[in-house]
Amino acid sequence: MILDKEKLISQLSFEGYTDIKVCPLPPSTETPEHTHEQYTVHIVLEGELIITWEGKTTIFGPEDRVEFKAGTTHKAKSKSGGSMITGIKEENSSPDLYTKL
């Protein structure tokens, strides 16, 4: 399933996110543990994304969304490849959250 990228980008922009990007996830991609200075959002468009943060590991698929407060240490891995949308915003008082649909 490939989601409507333009609709999601518009929604994130409406929510106050900037620097919104569509990121390809080649097979066997893995990012090292890292943090961001801003609040971040990741929405999986296709494939699976395995994200680990605060000792938890969760597999996200198409339509799943994960958000992190600034400074949250996390890492991601894609076994089969796919793509996701990312965005940042300066402030958000919400705790880290994720939505699995």
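In this predicted model, confidence in the protein chain is lowest in strand β9 (residues 97-99), at a mean of 57, and highest in strand β5 (residues 56-60), at 94. The score is pLDDT, the predictor's confidence in each residue, from 0 to 100. Over the protein chain the mean pLDDT is 87, and 87% of the residues reach 70 or more. Where pLDDT is low, the predicted coordinates should not be read in detail. Because the model is predicted, local features need pLDDT of at least 70 and side-chain atom pairs count only at pLDDT 80 or more, while totals for chains, interfaces and linings use all residues. Residues are numbered from 1 along each chain as its sequence is written, and side-chain values use heavy atoms, with hydrogens and water left out.

The protein chain has 1 helix and 9 strands, and along the sequence they follow the pattern α-β-β-β-β-β-β-β-β-β. Helices (H or I, at least four residues) and strands (E, at least two) are DSSP runs, numbered from the N terminus. Of the 101 residues of the protein chain, 38% count as buried. Here buried means under 20% relative accessible area, exposed over 50%, and partly exposed in between (1.4 Å probe, protein chains only).

In soluble globular proteins, nonpolar side chains tend to be buried together. A nonpolar core is a set of buried Ala, Val, Leu, Ile, Met, Phe, Trp, Tyr and Cys residues joined through side-chain atoms within 4.5 Å. The largest one in this structure has 11 residues, including Cys23, Leu49, Trp53, Phe60 and Phe68. Strands β1 (18-25), β4 (49-53) and β6 (65-68) each give two or more residues to this core, and β4 gives the most, with 3 residues. Another core, of 7 residues, lies apart from it, with Leu12, Tyr17, Tyr39 and Val41 among them.

The whole structure holds 3 aromatic pairs. Rings of Phe, Tyr and Trp (its six-membered ring) pair if their centres lie within 6.5 Å; planes under 30 degrees apart count as stacked, over 60 as edge-to-face and the rest as tilted. Trp53 and Phe68 form an edge-to-face pair, 5.3 Å centre to centre with 70° between the planes. Trp53 lies in strand β4 and Phe68 in strand β6, so this pair ties together parts that are 15 residues apart in sequence. Trp53 counts as buried at 3% relative accessibility, and Phe68 is buried at 0%. Ring pairs link Trp53, Phe60 and Phe68 into a cluster.

Glu54, in the loop between β4 and β5, has a phi near 50° and counts as exposed at 55% relative accessibility. Glu63, in the loop between β5 and β6, has a phi of about 80° and is partly exposed, with a relative accessible area of 32%.

The last feature is a pocket. On a 1 Å grid over the protein atoms alone, a pocket is an open set of points where a 1.4 Å probe fits, with protein on both sides within 12 Å along at least five of seven lines; lining residues have an atom within 4 Å of a point. The largest pocket is lined by 15 residues, of which Thr31, His34, His42, Ala76 and Met84 lie nearest its centre. β7 gives the most to this lining, with 4 residues.
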